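Trainee: Could you pick one part of this model and take me through it slowly? I would like to see how its overall build comes together.

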Amino acid sequence: MEFSDAIWVQAAAFLGAAFSVGFGAIGAALGEGYAAGRAGRAISKSPELSGPILKNMLIGQAVAESAGIFALVIAMLLVFIDTDGRPLIDAFAYLGAGLSMGLSAIGSGLGSGFPAAEACQGIADNPPTQAAISTNMLIGSAISQTPAIFGMVVAFMLMFVDFTSQPLWPAWAALLGAGLSMGLAAIGSGVGSGIPAGSSTLGMARQPSAATAIRTNMLIGSAVSQTPAIFGMVVAFMLLFIDWSNVPPWPTWAALLGAGLSTGLSAIGPGIGNGLTAGEAAEGVARQPEAQGPITTTMLIGQTVAQSTVIYGFLVSLILLFIQQEPSHAMTEWVALLSAGICMGFGGIGPGIGEGIAAAYAVRRIARDMSQNVLLTRVMLVGQAVSESTGIYSLIVSLLLLFVI
Amino acid sequence: MAIEGADLVRAAALLGAGISMGLGAIGPGVGEGFAAGKACEAIGKNPKEAGLLTRTMLVGQAVSESTGIYSLVVALLLIFVV
């Protein structure tokens, strides 16, 4: 049962389209539904404001929808792309493109739902602040969309860059790994940027006089939450554009796939965790604008610690990408490399989220009483250090799999 | 490329080590972080009890760590012992 390359490429393009729109639909729908639910609650509280609330809900939902639209565009392109005469490597490029776009749209769609939801609540709470709320909602949603845009950029590269100079083995794993690295990493950052966008929007409704301080805090916190997606994109670019002609195809293909998984998966936790911290910080600044200094400082310290596991994941990815492997078809060799990537990838998720939660609570208390910031930062760091332990175990097991086997 | 049975078993052990430690790190990470957060909140409300509350947090986190240690032990067993 022999098929020509073009058959495989066509099949892969269709599968890629399915992943793109299938995953992409999840985030946007969840985010918009959440916004609609909160809008309903806001309207029930203040029915006379149903006009402005509904308008804001629709605008906010439209921004959340854009991630879904990006995913639809990539899917349409993949459905109708002409696969005649395309080399087999393009099959993996199209699969990777679908995964990159689809997965990244999950985070951005969901994340953009938060500011839309909180804007509706804010309008019900404090109608005269409508304009400021809408503006902040749009700014925050736009930041939350950035990971989906990264995902789309990587998807376009996968679809339209000429990979014929790369050898099929191991470059197929590089292209698939690039899609996974970008797509998975963007999930965390999309959600993580949406949470502070939501909290800051609601905060502005409650404390319009502190709008500038709140927005500054949101921008800083959201920017840090974007960093894991950027790590994912850097690894994706390295996988796409390094020339893999001079490496032994076995077992390097497993190293490349593992590199994509290591950064992609481990970025999810820190993205979400940083977002939780930034969200509480924005809310805290709204409650106590005078405490902006200690809040921002503790937020940044907490976010930096929560960021650590994606840095471990990035380190393992760099090792997998750049350490030259001995050519070998032995099953233990390639499985060890793949397992190292999986181990650090998943291992980065929990500590990222947990340390973010710890920092979020610390920031919340500091907002209520800024004189406690030294004590609470210390407690936060001790708690985060314990939470880090399983991330370190994962790093150790990964390094064992890489160097001791 | 004939795969020996022993190779397949060894490879499965290595993959299992990665999955074991990877997935096993998720729960304790989130749980201990939540404990740390609640400790920050509690100490914020009652700073005089910081010592007692920190100790309580550490005890709670140590218990939460247990499944993470199980995962590490199984991973190391799969890599070095079987």
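Predicted model: local features only at pLDDT ≥ 70, side-chain atom pairs only at ≥ 80, totals over all residues.

Mentor: Happy to; let's take chain B. Of its 82 residues, 48% are buried, where buried means that 20 or more other C-beta atoms, placed from the backbone, lie within 10 Å of the residue's own. Residues are numbered from 1 along each chain as its sequence is written, and chains are lettered from A and ligands numbered from 1 in the order in which they are written.

Now to the build. Chain B contains 3 helices and 0 strands; these are DSSP runs numbered from the N terminus, H or I over at least four residues for helices and E over at least two for strands. Read from the N terminus, the order is α-α-α. The radius of gyration, taken over C-alpha atoms, is 19 Å for chain B, well over the 12 Å from the globule rule (2.2 Å times the number of residues to the power 0.38), so chain B is more spread out than a compact globule. Along the principal axes, the C-alpha atoms of chain B fill a box of roughly 65 × 20 × 10 Å.

What about contacts along the sequence? Two residues are in contact if their C-beta atoms, placed from the backbone, lie within 7 Å. Among the contacts in chain B with a separation of 6 or more, 79% join residues 24 or more positions apart.

Note on methods: Buried ≥ 20, exposed ≤ 12 C-beta atoms within 10 Å, placed from the backbone.
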